[in-house]
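Please look over the chain below before reading the points. The notes follow in numbered order.

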Amino acid sequence: MTWTRKPIIPALAVCVVVLAGPAGCGTPGGQGRGGAPSSPVGRLLDERDAEGRPYREVDEQDAPQVGVEVTPDAGGGWDVRLRVRGFRFSPDGTGRRARAGRGVAHLEVNGRRVAVLRTPEYHLAPGAFPRGTHQVTARLYADDGSVWAVDGEPVESTADITVSDREPATGPSAEPVAEGPGAPDGPGRAG
């Protein structure tokens, strides 16, 4: 009886490829054609927001969208309602990993953060603003703290509110600013 050795190296190579799966295949850095992100989770950019959080670039087709509406309430405060598309608010306790179209919204008034939202509604208290015009901005963040962005610009929407000495009107006092790729009616979007 003669023993012959069968080469096992090809079999091991196949096992390594199968175990590695698509992680070892594809383009470097998770980018598709032309350097664009190939994943709906996108890629981190060097650009950062005022708090130092990196922008997470996604293709416009994969980007979440936000609009903000602010209406006065009967008690003298303001009701804020976010309209989102392609985005779900993450519940408290969610892990710090970016997932496509998930996260929180930061609500800012005149550039100062007033709340981190995990729901599309918020109430601004009566008397919170002096007389004049104020900007209310909602910006979307992934669960890892990065800012959702398209073409290097954050996915956000801004509405102006005007506070006067008289009682608030019963109708909406602000329309969302529909500018930029993150706005619901932004460039390339059909209404």
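How many residues lie between β1 and β2 in the hairpin, and which residue in the turn has a positive phi?

1. The hairpin of β1 and β2 has five residues between its strands, and glycine 52 in the turn has a positive phi of about 85 degrees. Strands here are DSSP runs of E, at least two residues long, numbered from the N terminus.

2. This is a predicted model, in which local features need pLDDT of at least 70, side-chain atom pairs count only at pLDDT 80 or more, and totals for chains, interfaces and linings use all residues. Residues are numbered from 1 along each chain as its sequence is written, and side-chain values use heavy atoms, with hydrogens and water left out.

3. β1 covers residues 43-48 and pairs with β2 in the antiparallel sense over three bridges. Pairing requires that DSSP finds at least two bridges between the strands. Opposite arginine 48 stands proline 54 of β2.

4. β2 also pairs with β10 (residues 147-150), here in the parallel sense and over three bridges. Glutamate 57 has alanine 149 of β10 as its bridge partner. In general, strands of a sheet pair through backbone hydrogen bonds, either parallel or antiparallel.

5. β2 spans residues 54-57 and is covered on both faces: Pro54 and Arg56 are buried on one side, Tyr55 and Glu57 on the other. Buried means under 20% relative accessible area, with exposed over 50% and partly exposed in between (1.4 Å probe, protein chains only).

6. A separate point concerns the open sheet of three strands, ordered β3-β4-β8 with antiparallel pairing. Its edge strands, β3 (65-72) and β8 (121-124), each pair on one side only. From one strand to the next the twist averages 20 degrees, with axes as lines fitted to C-alpha atoms and angles running from 0 to 180 degrees between N-to-C directions. β3 and β4 (residues 78-85) run antiparallel and are joined by eight bridges; valine 66 has valine 84 in β4 as its bridge partner.

7. Histidine 134 sits in β9, residues 132-141. Because its relative accessibility is 7%, histidine 134 counts as buried. Its side chain makes a polar contact with the side chain of asparagine 110 at 2.9 Å, and reaches the backbone oxygen of proline 130 at 2.8 Å. A polar contact is a pair of N or O atoms within 3.5 Å; within protein, one must be able to donate a hydrogen and the other to accept it, and residues adjacent in sequence count only if both atoms are side-chain atoms.

8. Leaving aside residues up to four places away in sequence, the residues that histidine 134 touches include Val109, Phe129, Asp160 and Val163. Contact means heavy atoms within 4.5 Å.

Notes
Helix = DSSP H or I, 4+ residues; strand = E, 2+ residues; numbered from the N terminus.
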